[in-house]
Every structure is written in structure tokens, then in C-alpha cells.
Amino acid sequence: MKKSIKNLAAYEAEIPAEVVKAKYGLQHLARLSANESVYGPSPKVAQAIKATSDDILGYYPDGQATLLRQAVAELDDVDPENLVFGVGADELIQLLTRTILTPGTNMIVPDPTFGEYALHAQIEQAETKKVPVNVKSGHVDFKAMLAAVDDKTAMVWLANPNNPTGVFEPVADILAFLDKLPKSVVLVVDEAYYNFADESDATVAQYVKDYANLVVLRTLSKAYGLANLRVGYGIMTDPLYRVMQAVRLPYNLNTYQIIGGTAAVKDQAYLSEVVAKVQSERIKFQKFLHHNDVTFYDSQTNFIWIKVGDTKKVGAYLLSKGYQVNDRLNKEWIRIALGTPEDNEGMRQALLDVIE
């Protein structure tokens, strides 16, 4: 066994809803801990999957996810041969670190950010350098990130908007950072939540063709509401594209993932409806936090990062009231995903009760 993984802790998943409801005598539980979409996927997804013949079950799926590849390429205006598909963005994070990192190299991340980046670096026996975000605003300190680069740096991760802070970095700032980054260092911009941003220019996907060391990740688990289906993709060019296609497992997406994902991607009208609902609820929630002088970072996602003091105390109280949030990431800050208007209203009152 690798020494680097002997003491790894397993991912701590959400407590099942039925267990929580039974423990606290709840009729309803709002699951707001994993940034899932409470609105679910387009109805066209279920229709497409149900229309799929059972005859496919005895055969391997399309190893190139052709239907999905074509739909995404058209939507994102990218070359189909620049797309690598995975079982959620998680598989692509794993494959990128496996491909790029070697023992003794390092990667750089803002702090805090999505924990899987550092997890997979540890598995590959590489060091993770964490650069604190701006305390007041939550924005990435690009100057400090650049200063952390050395001759052993192989990659930099940037979730945009960031998880768990929800903070969005302007495209111009990312490109300015990329222009100063050594071409030997790969910048991965994880755009899992970019659909929720109200910025007119929220993605760097169109610049992948201009930078061989730029990779963009996407997922259908968030705004598209397909968390259970597990579909993600990366946008990248050669030589990384060719190598990633070689190291990924064959047939990694099954036919239902391909067909369901394609139906979701093609229903942009439904996606726009979901995003509008989330943005509206985000505005209301953040106005409430401002009004009550609660410290938080301005979010461009479907969740909000809030400073509450004792997160375990607050998390336990909210859970007892039927609101399951993420209190595992920080001792003082809690991450709350936005739910239905009714759940958000109840959450605001419960939050006020526990932090006052």
C-alpha cells in the first residue's frame, strides 16, 4: 500500500433522509447539503431513458458517447475531438491528476476549495500548496497563486465559481493569470457551477483552443439536475486530450447516461427556468443575510457560504428542524444549498433562531 494513502479518510456522505426523519420525528427533510438541484432534471430526460429499448442491456455502450459528444460540442461551440467524458466531473479530476502529477511534483489550489483536488494529489504522492483566498471577499489571490509556482509545479486548480465559497472570478482575471503561468503548468478551471452565475461572460471554454495548458471541466449534476446519473466532461486539446482518452476506462458512460445527458443538454429552455429560480432565491437569501448582518461571501452558485460560529452546533440545530446542510467543511463557516422557496424561507428563520 502507498504510504501516502494509509491514513486517508473515506468521503463522509449525507445521512439518509429516512434515518434523519426517524431520529427527529420529521415529516419533511430539506436536503441542502450537497448542492443538488431541488428542481430535478428536464422531464425530457426520463422520457428519453424510458424510450430506450431493453435490447441494449446485453451490449456495451457507445465508447465515444457520440450523441452526447455532438450535443455538447454544438452547445459549447467546441471541437467534438476536444471533449473527454467521465462518470461525473469526479472521474475527470481523478484522471487529470493521474495523468499529470507524479511523486515529488506539486499542484496549487486556492483555500478553501473542493477537497477532491488535494485528495487525488495525495493519492498520486504529489504535494498540494494551498493559497488562502481573500478573507474579506473570498476572491482568489492570483498574485499569491503565481508566487507559489516553482519548478516542481505541474498543475493549478481553480473552481469557478468556487466551492465552497461560491465566489466567481472574472474571465479576464483568469486569462491574465494563465498568460503569466509557465506553459508547462496545466490550469484546470472547474466550471461545475458556472450555469448559475449571472455574469454574461462566465466561462473560459472558448479559450481552450488557444492554450494547450488550459482544461475546463463541466458536470450535469448541478444545474442540469442529474446528480444521480453521473455525467461530466472536460474540454481540452492535444496532447492532453489524446492521453486522457487513452487512460480513461473504455465504455465509462452507459447508454442511459449518454441518452439522458443528451436530452438534458438539448433542453436549454428548462435549464434557463431552473437557473432563473435559483438566482431569484439567491438574491432573497443574500438580502436576508445582509439585513441581519450575517457574514457571508457573495455567491454566484446554488449555495451560500456563511459564517455562523460553531458549525456543528448550528448544523445539528438545523438538522433537527428539517434542514440538512454541510457543516463538515469548516469550524466556523457552513455551506447551505438553495432549496425550494418554501424551504429557503423556513431555513432563514431557523438560521436566525440559532445564530442570534
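Trainee: Where does A65 lie, and how do you know that A65 is buried?

Mentor: A65 lies in the loop between helix 2 (43-50) and helix 3 (66-76). Buried means under 20% relative accessible area, exposed over 50%, and partly exposed in between, with a 1.4 Å probe and protein chains only. A65 has 4% relative accessibility, so A65 counts as buried. Phi of A65 is near 45°, a positive value in a residue other than glycine.

Trainee: What is the model, and how are residues numbered?

Mentor: The model is predicted: local features need pLDDT of at least 70, side-chain atom pairs count only at pLDDT 80 or more, and totals for chains, interfaces and linings use all residues. Residues are numbered from 1 along each chain as its sequence is written, and side-chain values use heavy atoms, with hydrogens and water left out.

Trainee: Is D77 called buried or exposed, and why?

Mentor: D77 has 70% relative accessibility, so D77 counts as exposed. D77 sits in the loop between helix 3 and strand 2. Phi of D77 is near 55°, again positive in a residue other than glycine.

Trainee: Why does V149 count as buried, and what does V149 touch?

Mentor: V149 is at 18% relative accessibility and therefore counts as buried. Contact means heavy atoms within 4.5 Å. V149 touches I108, L181, P182 and V185, not counting residues up to four places away in sequence. The C-alpha atoms of V149 and P182 are separated by 8.7 Å, although the two are 33 residues apart along the chain. V149 itself lies in the loop between helix 6 (142-147) and strand 5 (153-159).

Trainee: What makes strand 2 and strand 8 a pair?

Mentor: Two strands pair if DSSP finds at least two bridges between them. Strand 2 and strand 8 (residues 232-235) are joined by 4 bridges and run antiparallel, so they pair. F85 has Y233 as its bridge partner in strand 8.

Trainee: How do you know that both faces of strand 2 are covered?

Mentor: L83 and F85 on one side are buried, and so are V84 and G86 on the other.

Trainee: What counts as a helix here, and how does the span of helix 12 compare with the expected one?

Mentor: Helices (H or I, at least four residues) and strands (E, at least two) are DSSP runs, numbered from the N terminus. The expected span is 1.5 Å times one less than the number of residues. Helix 12 (residues 341-355) has 15 residues and reaches 21 Å from its first C-alpha to its last, close to the 21 Å expected. Its buried residues include M347, L351 and V354. The buried residues of helix 12 pack against several elements, among them helix 10 (268-291) and strand 11 (333-337).

Trainee: Which residues of the lining of the largest pocket count as nonpolar, polar or charged, and how many?

Mentor: Ala, Val, Leu, Ile, Met, Phe, Trp, Tyr, Cys and Pro count as nonpolar, Asp, Glu, Lys and Arg as charged, and the others, Gly among them, as polar. The lining of the largest pocket divides into 22 nonpolar, 11 polar and 13 charged residues. Helix 5 gives the largest share of that lining, 5 residues.
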